[in-house]
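Have the sequence and the model open as you read.

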Amino acid sequence: MRVIVVGAGVVGTMHAWHAVERGHEVLHIERETEARGASLRNFGLVWVSGRAGGEELETALRARSLWESIGERVPALGFRPNGSLTVVRDEAERAVAEAAVQRPDAAARGYKLLGADEARRLNPALRGPLLGALWCERDAAVEPRTAQRALKAALLASGRYTYLGGREVREVREGSGGPAVRDDHGDVHTGDTVVLCTGAWLGGLVRELAPDLPVRRVRLQMMQTAPLGEELTTSVADADSFRYYPAYGGAALDTLAATRPQPPVAAEHRMQLLMVQRKDGGLTIGDTHEYEDPFNFDVVEDPYDHLTATVEAVLGRPLPRIRRRWAGVYAQCADTTRVIHREQVRDGVWLVTGPGGRGMTCAPAIAETTADELGW
């Protein structure tokens with residue numbers, strides 16, 4: 001079978017991976033020379049801890065297992081099973097963490113509520129005042145800026161994978177030889193199956209093929225520091241992540257929201273703190289959420305100031321110099337309980353989009369499900 005994958009972000013690359021793994025020939029087309037969208041502009045977190053129970057958690061757990069096995073074969077992914085600590089600093093936050101460890105799926109996530117001393121033994125860099133932390137053993141991390149290149153190199157070594165960068169697909173055709181795509185160089189490529197993994201690119205050809213697509217775009221801001229100078233042994237979140245992720249709903253969260261509203265800047269930008277250390281020692285820190293499209297074209301400083309103050313309070317030390325700031329845009333299902341939007345848009349042609357902030361976490365399992373459903 002010849003599989004054509006359009007889009008070289010993490011979702012598209014994982015579709016190519018599963019097709020090659022199952023013995024098929026893959027042509028991978030990307031409109032940029034290399035992917036430059038949300039798949040690179042994220043934390044690199046394989047984030048199990050906050051996922052909604054049911055399908056979303058099952059997908060994340062399966063993906064986490066796949067990331068680990070792929071990471072063993074492709075060390076350049078930088079996969080590390082470092083887990084995460086969500087820091088709690090008062091009783092209202094601790095109550096939400098206590099409710100989380102009572103969930104029926106808490107063991108599957110690897111939840112454990114730690115006291116302050118236990119949390120610091122696990123991550124000595126947490127020197128700021130804290131009451132404790134919610135530990136999630138199943139969380140992990142990869143290197144987002146280099147993961148797609150590492151996967152592409154492994155795919156090229158298979159001998160069944162061809163990559164065409166700098167080509168935008170302009171047309172999908174149906175023919176007797178199977179579905180085909182025409183790129184902006186005028187070349188036509190024919191396969192047995194076409195999978196469109198176009199990320200936040202929802203206009204143009206995508207709109208023609210799926211005019212009523214139930215997917216929206218979300219914009220975020222993030223930053224990265226110079227090396228910390230010590231190891232951050234786990235990924236770190238603050239209790240604002242309780243407000244954002246669906247695993248933490250319930251009476252305790254309602255009480256937190258009622259008695260401890262977010263600071264105005266955090267509420268305005270729908271913020272949480274997530275922090276992970278890169279292999280060079282720097283910290284990737286975020287993030288914000290903007291839902292009203294068209295988005296602003298500039299980044300604003302107030303969220304960065306808030307994040308800096310939050311991180312310094314957690315670490316109990318000044319933050320290293322900020323080396324990079326950026327914005328990114330990803331596609332999210334309008335019904336946020338859905339893990340992905342997967343739609344057949346023509347005979348033999350499928351559109352797979354809208355994972356939201358779950359893309360880096362869930363891509364291996366999303367692609368595996370596509371491969372199973374299409375009988376690869």
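## Rings and their neighbours

Arginine 145 lies over the face of tryptophan 326, at 5.1 Å from the ring centre. A charge sits over a ring if NZ of Lys or CZ of Arg is within 6 Å of the ring centre and within 35 degrees of the ring normal. Tyrosine 304 also has a charged end over its ring, that of arginine 325, 4.8 Å from the centre.

This is a predicted model, where local features need pLDDT of at least 70 and side-chain atom pairs count only at pLDDT 80 or more, while totals for chains, interfaces and linings use all residues. Residues are numbered from 1 along each chain as its sequence is written, and side-chain values use heavy atoms, with hydrogens and water left out.

Now for rings meeting rings. Rings of Phe, Tyr and Trp (its six-membered ring) pair if their centres lie within 6.5 Å; planes under 30 degrees apart count as stacked, over 60 as edge-to-face and the rest as tilted. By this rule there are three aromatic pairs, including these:

| Pair | Type | Centre to centre | Angle between planes |
|---|---|---|---|
| Tryptophan 47 and tyrosine 245 | tilted | 6.3 Å | 40 degrees |
| Tyrosine 244 and tyrosine 245 | edge-to-face | 5.0 Å | 85 degrees |

Ring pairs join Trp47, Tyr244 and Tyr245 into a cluster. Is tyrosine 245 buried or exposed? Tyrosine 245 is buried, with a relative accessible area of 9%, whereas tyrosine 244 is partly exposed at 28%. Here buried means under 20% relative accessible area, exposed over 50%, and partly exposed in between (1.4 Å probe, protein chains only). Tryptophan 47 is buried as well.
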